[in-house]
Amino acid sequence: MSGEPQRTLLLWCPDWPVLAAEIVDGVPATDPVVVLHANRVIACSERARAEGIRRGLRRREAQGRCPHLTVVDHDPGRDVRAFEPVVAAVEEVVAGVEVIRPGACATAARGPSRYLGGEEAAAERIVEHVAQSCAVESQAGIADGVFAAGLAAREGRIVAPGGTREFLAARPVEALGRPALADLLRRLGVRTLGDFAALPAGDVLARFGFDGALAHRLAGGRDDRPLAVRQPPADLTVTADYDEPVDRVDAAAFAARMLAERLHERLAGYGLACTRLGIEAVTAHGQELHRVWRHDGLLTAAAIADRVRWQLDGWLSSSNGRGGTRPARPTAGIVRLRLVPDGVLAQAGLQPGLWGETGEERERAHRALSRVQGILGPEAVVTAVLGGGRSPADQVRLVPWGDERVPARPGPPPLPAAAPAPGAASASVVVPAGGGARRRAGRGRAVAEPPWPGRIPPPAPAVVLPAPLPADVRDAAGEPVVVSARLTVSAAPARLTVGDGRPAEITGWAGPWPVDERWWAPAEARRRARFQVSLADGAALLLAVEGGRWLVEAIYD
């Protein structure tokens with residue numbers, strides 16, 4: 001714990017939960033408004049107080065006193081989001097701000113009082129700046145310590161240095177913000193902070209415990225800890241303005257190289273590197289252009305310059321790429337260029353691969369594919385990402401080159417199980433659990449991903465058909481093979497005919513693997529069963545039967 005309390009300036013915004021509801025949700029704070037938590041009033045507007053409403057009232061009692069009351073539920077996230085611009089406005093005037101709670105923030109008073117002309121001038125400057133920047137009314141208080149400064153801010157008062165203990169002495173014990181402790185102290189005859197501070201510290205600790213000892217320090221004008229100021233986020237964005245609009249690719253390339261070097265130097269100064277880069281441009285006619293480039297490695301200065309040059313070339317070039325359309329060329333040259341490092345990490349935070357993930361060939365391929373993206377757009381180059389799902393078509397998602405390769409559905413490929421492979425006859429119904437188990441860290445223990453019921457076992461098919469092909473499956477007697485609602489196969493499949501082709505002999509089969517999807521939505525419900533079959537000519541297929549129709553979904557190697 002700190003010894004001598006620090007001279008502290010605290011900014012307090014009255015009725016902040018009500019004000020936050022007005023800022024975020026548009027609830028007029030000039031009306032009688034209350035914010036409820038656990039069916040009790042925790043904040044109310046000035047007009048509601050005029051109607052006799054106070055904190056701690058139950059909802060029904062508050063509405064009885066003011067029938068036209070507007071009731072708002074407490075939302076801590078809303079309070080924090082609305083208070084962030086206020087803190088940012090305070091940081092524009094002073095450095096080192098600690099957020100006490102939504103609606104109150106504190107800073108050391110020594111620095112602002114020196115360069116703003118005294119403590120009173122500093123308090124007035126901050127309150128005025130917050131009012132002009134955020135249209136929020138606030139009050140400032142200065143005292144020795146955060147606790148005393150908070151009480152002083154409610155009165156808009158500046159307590160003289162050394163006078164904090166006297167300022168606190170006449171305050172009631174309820175000012176500590178500990179209702180249970182205040183009630184106990186009043187029953188013991190201790191009614192003011194001065195009375196509580198006069199008690200021996202050892203006796204207070206023995207009688208009221210550690211929290212009571214902390215409250216005893218506050219009552220005596222001593223803080224329990226120093227200010228924990230937050231560090232404002234570093235501004236890593238670089239911007240260049242041009243007097244003459246840039247409308248030629250060579251001039252844009254020069255501008256891109258200079259701006260990329262500035263960005264790289266700024267990131268290096270903070271020990272950071274860029275993995276996702278936002279490129280923004282404004283034309284002379286006010287048109288705004290924006291594109292985000294992603295990279296699975298660290299963007300060097302040359303890589304940043306390349307991507308900016310490619311993007312500017314894509315914007316300024318008027319030719320269309322083959323096989324696709326291009327956005328219309330800007331009607332004027334670029335007068336402002338801005339680079340925003342949207343994703344950063346520490347320089348040593350990325351471990352390069354050991355088996356071909358890095359190297360000159362890979363970098364050349366990446367530069368070529370990124371160049372195509374700059375001309376045709378990010379969706380022109382895509383890669384496949386495996387994820388969860390029951391069918392091969394569900395397990396593959398195409399993502400643009402350079403984007404994070406995150407599966408759309410959770411779940412790894414299934415582990416090899418005791419499931420029949422194509423070519424092995426099966427006379428019984430086989431319904432594997434499907435899905436494997438992936439272990440991830442979670443409170444020191446492994447957590448398994450949920451399985452996909454009905455997922456076909458490995459191996460995965462080599463070719464997934466974009467549209468399933470109609471097929472006909474018959475048994476040895478020439479009768480159609482039917483799968484009942486209870487997944488009973490009428491007979492062993494013997495011959496397969498795909499479309500108008502010739503029949504092929506089935507030498508082995510496995511299944512069925514049933515899928516009953518979205519049964520709760522009749523319009524979207526889908527029920528089918530899948531089979532793996534091997535043919536006499538060596539081919540292996542994945543079949544599905546749905547609504548009595550057989551289909552070929554995929555082909556195995």
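Me: What order do the strands take in the open sheet with mixed pairing?
Reply: The order is β3-β2-β4, with 3 strands in that sheet. Strands here are DSSP runs of E with at least two residues, helices are runs of H or I with at least four, and both are numbered from the N terminus. Two strands count as paired if DSSP finds at least two bridges between them.

Me: Before going on, what kind of model is this?
Reply: It is a predicted model, where local features need pLDDT of at least 70 and side-chain atom pairs count only at pLDDT 80 or more, while totals for chains, interfaces and linings use all residues. Residues are numbered from 1 along each chain as its sequence is written, and side-chain values use heavy atoms, with hydrogens and water left out.

Me: How many bridges between β2 and β3?
Reply: There are 4, and β2 (residues 33-37) pairs with β3 in the antiparallel sense. V35 has A43 in β3 as its bridge partner.

Me: Now the sheet with β1 in it. What is the strand order there?
Reply: β5-β6-β1-β7, an open sheet of 4 strands with antiparallel pairing. β5 (97-101) and β7 (139-144) each have a single partner strand, so one side of each lacks a neighbour in the sheet. The twist there averages 25° from one strand to the next.

Me: What is the bridge partner of L11 in β6?
Reply: C105. β1 and β6 run antiparallel and are joined by 5 bridges.

Me: Which strands does α6 lie across?
Reply: β1 and β7, with α6 running at about 25° to β1. α7 also packs on the sheet, touching β1, β5 and β7, and its direction makes about 145° with that of β7. Contact means heavy atoms within 4.5 Å.

Me: Which residues touch the most other members of the largest nonpolar core?
Reply: L10, F147, L168, L176, L185 and F196, out of 30 residues in that core. A nonpolar core is a set of buried Ala, Val, Leu, Ile, Met, Phe, Trp, Tyr and Cys residues joined through side-chain atoms within 4.5 Å. Buried is under 20% relative accessible area, exposed is over 50%, and partly exposed is in between, using a 1.4 Å probe and protein chains only.

Me: Which element gives the most to that core?
Reply: α7, with 7 residues. Elements that each supply at least two residues include β1 (7-12), β6 (104-108), α7 (146-153) and α11 (201-219).

Me: What is F196 in contact with, beyond its neighbours within four places in sequence?
Reply: L176, L185, V190, V204, F208, G212, A215, H216 and A219. There is also a second, separate core of 28 residues, and V238, I279, I304 and I334 are among them.

Me: Changing topic: how many salt bridges in the whole structure?
Reply: 17. A salt bridge is a side-chain nitrogen of Lys or Arg within 4 Å of a carboxyl oxygen of Asp or Glu.

Me: What does R7 form a salt bridge with?
Reply: E119, with the closest N and O atoms 2.9 Å apart. R7 is in strand β1 and E119 in helix α6 (residues 119-134), 112 residues apart. R7, E119 and D144 are linked in a network of salt bridges.

Me: Is R7 buried or exposed?
Reply: R7 is buried, at 13% relative accessible area.

Me: And what pairs with E155?
Reply: R171, the closest N and O atoms being 2.5 Å apart. E155 sits in the loop between α7 and α8 and R171 in the loop between α8 and α9, 16 residues apart. E155 is partly exposed at 42% relative accessibility, whereas R171 is buried at 19%.

Me: Last one. At what angle do α1 and α4 cross?
Reply: Roughly 85°, and the axes of α1 (residues 16-25) and α4 (residues 76-91) come within 9 Å. The two helices are therefore roughly perpendicular, a label for angles of 65 to 115 degrees, while under 35 is roughly parallel, over 145 roughly antiparallel and the rest oblique.

Me: Which residues of α1 meet α4?
Reply: W16, P17, A20, A21, I23, V24 and D25, and they meet R78, D79, R81, A82, F83 and V86 in α4.

Notes
Axes are lines fitted to C-alpha atoms, for helices over the stretch in contact, and angles run from 0 to 180 degrees between N-to-C directions.
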